[in-house]
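Here is a walk through a structure, one step at a time. Keep the sequence and the 3D view open as you read.

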Amino acid sequence: MLTLASDFGTPYPAAMRAAILRRTDARIVDVAHDFPRQDVRTAAFWLCEVLPYFPPAIHCVVIDPGVGSDRAAITVRAGEHVLVGPDNGLLLPAARALESSPAPTAGAGLRGLDPVDDRQTDGAEGAAIECFEIVVEDPESATFHGRDVFAPAAAAIHETGVERVDDCPFLEPTDDYVDLSFPEPKLQADAATGEVLVVDGFGNAVTNVPGEWLTERCSLRGRNETVQVEGTAVPAADHYEAVSAGQRLVTVGSHGNVELAVNRGQGSEAFGVAVGDAVELRVD
Amino acid sequence: MLTLASDFGTPYPAAMRAAILRRTDARIVDVAHDFPRQDVRTAAFWLCEVLPYFPPAIHCVVIDPGVGSDRAAITVRAGEHVLVGPDNGLLLPAARALESSPAPTAGAGLRGLDPVDDRQTDGAEGAAIECFEIVVEDPESATFHGRDVFAPAAAAIHETGVERVDDCPFLEPTDDYVDLSFPEPKLQADAATGEVLVVDGFGNAVTNVPGEWLTERCSLRGRNETVQVEGTAVPAADHYEAVSAGQRLVTVGSHGNVELAVNRGQGSEAFGVAVGDAVELRVD
Amino acid sequence: MLTLASDFGTPYPAAMRAAILRRTDARIVDVAHDFPRQDVRTAAFWLCEVLPYFPPAIHCVVIDPGVGSDRAAITVRAGEHVLVGPDNGLLLPAARALESSPAPTAGAGLRGLDPVDDRQTDGAEGAAIECFEIVVEDPESATFHGRDVFAPAAAAIHETGVERVDDCPFLEPTDDYVDLSFPEPKLQADAATGEVLVVDGFGNAVTNVPGEWLTERCSLRGRNETVQVEGTAVPAADHYEAVSAGQRLVTVGSHGNVELAVNRGQGSEAFGVAVGDAVELRVD
């Protein structure tokens, strides 16, 4: 299985699908192609959230403002997954998420439904991520490596197999790659200072404050719980409909982070926050 | 085969695909993920129009403003199809459309091409739709049941099989579910009063007036036929190009309903109508 | 394999997928469904660029402002590919691109990776494109031939096989079809006068001036090369990051044409050009 993610919009992803299909008849699954243009950090956040739910796969990911410059192209092996993309930090947070155990799994709450976890956990440090440079001798184009470098590399890696990725003639082990990490929140007993990492399509402002910080201080199931956001009391609840339509709330999103939301509305607008803005939360 | 539909935009549907692929390697087909946000009725309309063209499948459909509240999660069996989604009325119109016979089929007008109809019609009342509650003991998240409840439920139902859906341990038969129906138009010999159900991406305003009401009164193939819309004569024709670019017309859309359109333009704007607005048609 | 392309947005493409899946379980690959509405020329350009990267396939393509009028429906065989769509010129440029040899291939620049070319090249003129009219006796709808004519036709052609396309009872050979070609640029030793063919989603304005005209005059790898665009010197380079963020450049895009771009910005805005505008380039 191969997955594809990019900021290419349309119709460029079709050329990536085509280039892959020339080399393999494996299943291709789209993650998204409308990530914010050339915004490596936002895409890295979402890949971190979404890719770990997949079964083992080759993930071809292209948010690549430096295409055609001397930035390298890399491949990262993380457990039974492989990521392929530009060497700009994009792949690393997801690689760490794909390598850690246990894998997240969905559906565990359904009565009588067995959980699924196909992630092998030998618990050894040897399972750490491995990085390879993709050796490109002469790319066809300097502006579309998605089609000319990353897609064919991902297809060839798929055909070679994750365990034998070292056999790919265009892969060269390396320890020299660009990393990326998200800013750390400042967590205290009665206050947390974080920042908005992304705003999703519903307008929810997702912060870097871990949901546990909030759930250890509020049940989120009470009717009158509040959190101070920048000095104003806001209801805290575990789902959007706990407040009336149009009303603000603080909740923990499906990604596990604290988010600022509005029931049936735009949290980022109502709280007046954008990506990168600081957010101070306080409980009494 | 599983189909997916939601108002999730991106990249949340990828997490649903991932959760399904953890449990089955069945084909996944996207219906749409950009239905108007949290607009149950519009999505219900489109599902009604589109799903009956599919061969037997499990349809996982999530427009779910009440996620995390005490609204139930349900499964509806309709003939050889199964729908999975929130208990807010979303699934019912499509379920009725999937259960009725004969199934719509496409391509019947091509010379020498055999029609396809794989819908079993025993004609018995016993073929009516059956509803089940999805018993969720402890969902991982209160904000993303698409990933944590509906996707794994749909995958598990697929693996169990439509005929043996009762064997799924998380399904409990129920007669207590939310229904939804579209408003009925008022049809008379020389006038019809309906309302706009949806506006499609081309700007066509689709009403609830059945196409037959119009085609029984106009051939739609004449060159000078008109219908009075809110008192103004408008050309009536069976296709958009029957009028000049930018000109208004009344036609019958592919869904079989009367629609207000503009050739190469926006019908809803030109007629000044939005979803829910009343529309009066009159023929002389 | 079938590919789908249209300007239908959503959810209409799902009905096309459904109609195909009623008739075949072949792989379906989306090219794009958000081509500019009813803009035959822009879609024809992109199909020309993208489809040749695919392995042999049936391509069902619907940009169809004349749906329901007396425009014909056609099928074009081009080498091992088949195109299906309205007779408005949309298919012809891509058909010619699919028939010419050698096929483009991606990944040739990766060290040690074998190129792939599955296009049969007998070099004979007999490989020229062949056109067929799709005989429609009575389409179900006059407004949605994507679902009712093109999708079932494409599925039936897939099942019959490209080599035996003549066996499809609804296909009738014809030499009478609408063609479409892109405007030719005026190329001179020190100047080229072309026009903007399309603006892509990144805002790059793609002209009809062939990249070779530029690369024969500039290395595109120098640090101080410039081209006069409408009388103003603009840096010329082979990739976007060769200039600072927000700065204009002239480059050769992945399609092989000269394009007017801005690093991390909108070329069409910065150069003040739109589709159809003339562009004069001059080298010293």
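Start inside chain C. R17(C) sits in helix α1 of chain C, which covers residues 12–21. This is a predicted model, so read every value that follows as computed from it. Is R17(C) buried or exposed? Its relative accessible area is 10%. Buried means under 20%, so R17(C) counts as buried.

What does R17(C) touch, once neighbours within four places in sequence are set aside? Part of the answer lies in its own chain: L4(C), I28(C), D30(C) and H33(C). The rest lies in chain B: V29(B), D30(B) and V31(B). So a buried arginine of chain C has contacts in chain B as well as in chain C.

Follow those contacts across to chain B. The strand β2 of chain B spans residues 28–32. The interface of chain B and chain C is the next thing to look at. The contact draws 42 residues from chain B and 45 residues from chain C. Together the two chains bury about 3600 Å². Carbon and sulfur atoms account for 56% of that area. On the chain B side, the residues that lose the most area to chain C are L110(B), R111(B) and F202(B). These three together make up 21% of what that side buries.

How many salt bridges does the rule find across the interface of chain B and chain C? It finds 1.

Now ask which elements build the chain B side. Three of them each supply at least two residues: β2 (28–32), α2 (40–50) and β13 (248–252) of chain B. β2(B) gives the most, with 4 residues. By class, the chain B side that touches chain C holds 22 nonpolar, 9 polar and 11 charged residues.

Take α2(B) by itself for a moment. Of its 11 residues, 10 are buried, so this helix is largely enclosed by the rest of the structure. The buried residues include V40(B), F45(B), W46(B), L47(B) and V50(B). T42(B) and E49(B) are also among them. Why might one expect a helix to show one side at a time? An α-helix has 3.6 residues a turn, so residues three or four places apart point the same way. In α2(B), though, the buried residues include the run A43(B), A44(B), F45(B) and W46(B).

Another buried site in chain B lies in a loop. A103(B) is found between α3 (92–99) and β6 (130–134) of chain B. Its relative accessible area is 6%, which means it is buried. A103(B) and P55(B) are 48 residues apart along the chain. Their C-alpha atoms are separated by 9.5 Å.

Move on to chain A and chain B. This contact takes 42 residues from chain A and 45 residues from chain B. The two chains bury about 3600 Å² between them, with 56% on carbon and sulfur atoms. In chain A, L110(A), R111(A) and F202(A) lose the most area to chain B, together 22% of what that side buries. R111(A) forms a salt bridge with E172(B), and the closest N and O atoms are 2.9 Å apart. Here, too, the rule finds 1 salt bridge across the interface. β2(A) gives the most to the side of chain A that touches chain B, with 4 residues.

How are the chains arranged? Chain B goes onto chain C with a turn of 120°, a shift of 0.0 Å and an RMSD of 0.0 Å.

One last point concerns the surfaces used. Only 2% of the interface residues of chain A are also interface residues in chain B, so the copies meet through different surfaces. For chain B and chain C the figure is again 2%, so these copies also meet through different surfaces.

Terms used. Residues numbered from 1 in each chain as written. Chains lettered and ligands numbered in written order. Predicted model: local features only at pLDDT ≥ 70, side-chain atom pairs only at ≥ 80, totals over all residues. Heavy atoms only, no water. Contact = heavy atoms within 4.5 Å. Buried area = accessible area lost by both parts, 1.4 Å probe. Salt bridge = Lys/Arg side-chain N within 4 Å of Asp/Glu carboxyl O. Nonpolar A, V, L, I, M, F, W, Y, C, P; charged D, E, K, R; others polar. Buried < 20%, exposed > 50% of the residue type's maximum accessible area, 1.4 Å probe, protein only. Least-squares fit on C-alpha atoms with pLDDT ≥ 70 in both.
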